[in-house]
Amino acid sequence: MKHTLFITLCVLQFVAGAQIKKAPDRAEGEGPWPQLIIRGVTLVDGTGAPPFGPVDIVVEKNRIQQIAIVGSPGNQIDEATRPKLVQGGKELNCEGMFLLPGFVDMHGHIGGSEQGTDAEYVFKLWMAHGITTIRDPSAGNGLDWVLDQKKKSTENKITAPRIYAYTAFGQGTNKGISTPEEAVAWVRDNAKKGADGIKFFGAPPQIMQAALEENKKLGLRSACHHAQLGVARWNVLNSAKAGLTSMEHWYGLPEAMFEDKTIQDYPANYNYTNEQHRFEQAGKLWKQAAEPYSDRWNKVMDELIALDFTLDPTFNIYEANRDLMRARTAEWHQEYTIPSLWKFYAPSRVSHGSYWHNWGTEQEVAWRENYALWMTFINEYKNRGGRVTVGTDAGFIYQLYGFSYPRELELLREAGFHPLEVIRSATLYGAQALGAEKDLGSVEIGKLADFVIIDANPLENLQYLYGTGAIFLNEKNEAVRKGGVKFTIKDGIVYDAKKLLEDVRKIVAEEKIKTGFKITQPGAKDNLRK
Ligand SMILES: [Zn+2]
């Protein structure tokens, strides 16, 4: 999602919102130790390899040193084969558990003043869900703010994932960018300030061309939400050819595959700043594009793959469009959605992504058809060797930080990905898209110690990865919860993921007492009285 956008003569400009509170000094996590041995775990390494184990994983100085197979399933572990603990080392017994690489959220806004979500709240929700790396697509709290949090996260002075800052194109300028020369100057300045990349929302072709070429020359990466205002003259294919490295969401992709039109079939009364119009008509867009497996569809797909272009679909952030009730009644809202965020989600002509003026059967049915066509493209892109990543865009449209991540995994599964393909997108492919695969993204010798450990098999049910776990009927005929990440490990520091979630629950409970706010559904009688 994007924040405030306004249009000057010829450029979309991003305005950084007021800032939220930075994360407090780290009070959570144990380690790192000179040596950490994780014992007896079943490994899903992120490369696409099937699970194997039990293994002992040895970490030294935050690098994976050894992955030792120490037995076969169901048999007693052969103690003689096990790596030995050195003095001052730490053992973590994880027999019967599963270990995966730390997750990468490629579309993670660190909240904002509109949502009232301080960094601690957002970071802990992410870390509680095993997300050890995020890309902030627009540095919405300002680049300096994000770089400060990035540095503190790198030094592990705060409890937070690793942060990659992609500044919103034009951020910090008063009038926006209206010439290619200004674009090039801004791109150079952005690199000099220490940003990891740029997030575009679309701009006139000559400006996109100049900015993307310069950014690529400097070795930085980029993301783009191709906003509807710009797609008639610059779509995803134009961006990919000019050097864009990843596209966000999906806008600009159907437009690259129009055959019987050149502009989306907008009704005459359409107004882009009316978000009911914007999202309702978007639900009719995929079927205006070339049919799956047609020549045009194939050609665009193959060209994007040849350019090593990454798709970051963020399926979950549109899910309310196909099932609004599911999104707004998700079971975690009561305890984990902070009141200010709940208010932000509610139908409104002001907040972004709260376009429920009149949303019902017609819109939801159209969106289900939209999803089917979109998922067909994404799944086939993966099948032909294209890179698809996991991004959530949480903090909008009833999608909560952290919780939206397993949902995105489930939607990739729905699109046709094997669970191992889902996990690879969440880990190795995310790291590749960030240019960080040397250190991150898979459990291999020499890489950094970022792990997710869970007491259930997520390949069997991705819902085990929700902080609230999945419902499971045990042998005593009791409905219990299974799963929820147990440990999140970042840089060899072990976090009790359930404790992080409990911290968030307390933050929310205190905020409710302070404000006297109860979470009720929009239009409910309780709510009307306020
Ligand atoms: Zn976004």
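Which residues in helix 13 meet which residues in helix 14? Keep that in mind. What you see is a predicted model.

Start with how a helix pair is described. Two packed helices are described by the angle between their axes and the distance between the axes. Here, helix 13 covers residues 404-415 and helix 14 covers residues 419-426. Their axes come within 9 Å and cross at roughly 135°. That angle makes helix 13 oblique to helix 14. The crossing is right-handed.

Now the answer. Helix 13 brings Y405, L409, L412 and R413. Helix 14 brings P419, V422, S425 and A426. Sort the residues of that contact and you get 6 nonpolar, 1 polar and 1 charged.

Next, N190. Find it in helix 3, residues 180-193. Its relative accessibility is 2%, so N190 counts as buried. Who touches it? Skip the neighbours within four places in sequence, and N190 is in contact with L143, T167, A195, G197, I198 and L220.

On to the backbone. Look at two prolines. The peptide bond from G31 to P32 is cis, with omega near 0°. P32 sits in the loop between strand 2 and strand 3. G53 and P54 are also joined by a cis peptide bond, with omega about 5°. P54 is in strand 4, residues 52-60.

Last, positive phi without glycine. S138 has phi near 140°. S138 belongs to strand 9, and at 0% relative accessibility S138 counts as buried. Y293 has a positive phi of about 70°. Y293 lies in the loop between helix 6 and helix 7. Buried or partly exposed? At 47% relative accessibility, Y293 counts as partly exposed.

Methods. Residues numbered from 1 in each chain as written. Predicted model: local features only at pLDDT ≥ 70, side-chain atom pairs only at ≥ 80, totals over all residues. Heavy atoms only, no water. Axes fitted to C-alpha atoms, helices over the stretch in contact; angles between N-to-C directions. Helix = DSSP H or I, 4+ residues; strand = E, 2+ residues; numbered from the N terminus. Parallel < 35°, antiparallel > 145°, perpendicular 65-115°, else oblique. Left-handed = near helix turned anticlockwise from the far one by under 90°. Contact = heavy atoms within 4.5 Å. Nonpolar A, V, L, I, M, F, W, Y, C, P; charged D, E, K, R; others polar. Buried < 20%, exposed > 50% of the residue type's maximum accessible area, 1.4 Å probe, protein only.
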